[in-house]
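Visitor: I would like to learn how to read a protein model. Can we go through some features together?

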Amino acid sequence: MKKKVISIKDMIHAIEEDLEDGKEVAFKPKGRSMLPFINAETDEVIIKKGPIKKYDVVLFEYNDKYILHRIILKKKGVYTLRGDNCISSESDIKKESIIGKVIGIKRKDEIIDVNARPYRLKVKLWVKLHPVIIFLKRIKNRF
């Protein structure tokens, strides 16, 4: 069966409608911003509406784009988000801009539970070590 590629912008209304109805939505993300936790080449993400907290990966609208990034800070009702493989972050994101959160990652025949303790520990460590990781990447890129 031939797969059809449709941009998320073309599907966002259907996605939002399904999420509002309490359904889960799965799609293949695009880009490298969430490496190493989400690989656009091999993974699908499963999103759903629900309470959000620090370290969750969320789908949100930002400057007329739909982005999948991780919450790294919540302060005074706004969020700061960043891709796991990114240097810069998006600040002052309001809850209304968040469409849904990732509840699972489908990789091959396995579904990774993003709320499982081992996964959450790896994520917390990654976020806390992010400045060191970026520093090492910059050194590596110089050689």
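Predicted model: local features only at pLDDT ≥ 70, side-chain atom pairs only at ≥ 80, totals over all residues.

Visitor: Which residues of H3 are buried?

Guide: An α-helix has 3.6 residues a turn, so residues three or four places apart point the same way. In H3, the buried residues are His130, Ile133 and Ile134. They share one side of H3 because they cover an arc of only 95° around the axis. That arc is taken from the directions from the helix axis to the C-beta atoms.

Visitor: What do the buried residues of H3 pack against?

Guide: They pack against strand S5 (78-82) and helix H2 (117-128). Contact means heavy atoms within 4.5 Å. Helices (H or I, at least four residues) and strands (E, at least two) are DSSP runs, numbered from the N terminus.

Visitor: Which residues touch the most other members of the largest nonpolar core?

Guide: In soluble globular proteins, nonpolar side chains tend to be buried together. A nonpolar core is a set of buried Ala, Val, Leu, Ile, Met, Phe, Trp, Tyr and Cys residues joined through side-chain atoms within 4.5 Å. Here the largest one has 23 residues, and Ile47, Leu68 and Val102 touch the most other members. Helix H1 (8-20), strand S4 (65-75) and strand S7 (98-107) are among the elements that each supply at least two residues of this core. A second, separate core has 9 residues, including Tyr79 and Leu81.

Visitor: What does Leu68 touch?

Guide: Leave out residues up to four places away in sequence. Then its contacts include Phe27, Met34, Val45, Leu59 and Val102.

Visitor: How many aromatic pairs are there?

Guide: A pair of aromatic rings is described by the distance of the centres and the angle of the planes. Rings of Phe, Tyr and Trp (its six-membered ring) pair if their centres lie within 6.5 Å; planes under 30 degrees apart count as stacked, over 60 as edge-to-face and the rest as tilted. A search of the whole structure gives 3 pairs. In one, the centres of Phe37 and Tyr119 are 5.7 Å apart and the planes are at 75°, so this pair is edge-to-face. Phe37 lies in the loop between S1 and S2 and Tyr119 in helix H2, so the pair ties together parts 82 residues apart in sequence. Both Phe37 and Tyr119 are buried. With Trp126, they form one aromatic cluster.

Visitor: Where is the cis peptide bond?

Guide: Most residues other than glycine have a negative phi, and most peptide bonds are trans. Here a cis bond joins Leu35 and Pro36, with omega about 5°. Pro36 is in the loop between S1 and S2.

Visitor: What is the phi of Asn63, and what is that of Lys108?

Guide: Asn63 has a positive phi of about 50°, although it is not a glycine. Asn63 lies in the loop between S3 and S4 and is exposed, at 61% relative accessible area. For Lys108, phi is near 55°. Lys108 sits in the loop between S7 and strand S8 (110-113). Lys108 is exposed too, at 73%.

Key: Residues numbered from 1 in each chain as written. Heavy atoms only, no water. Buried < 20%, exposed > 50% of the residue type's maximum accessible area, 1.4 Å probe, protein only.
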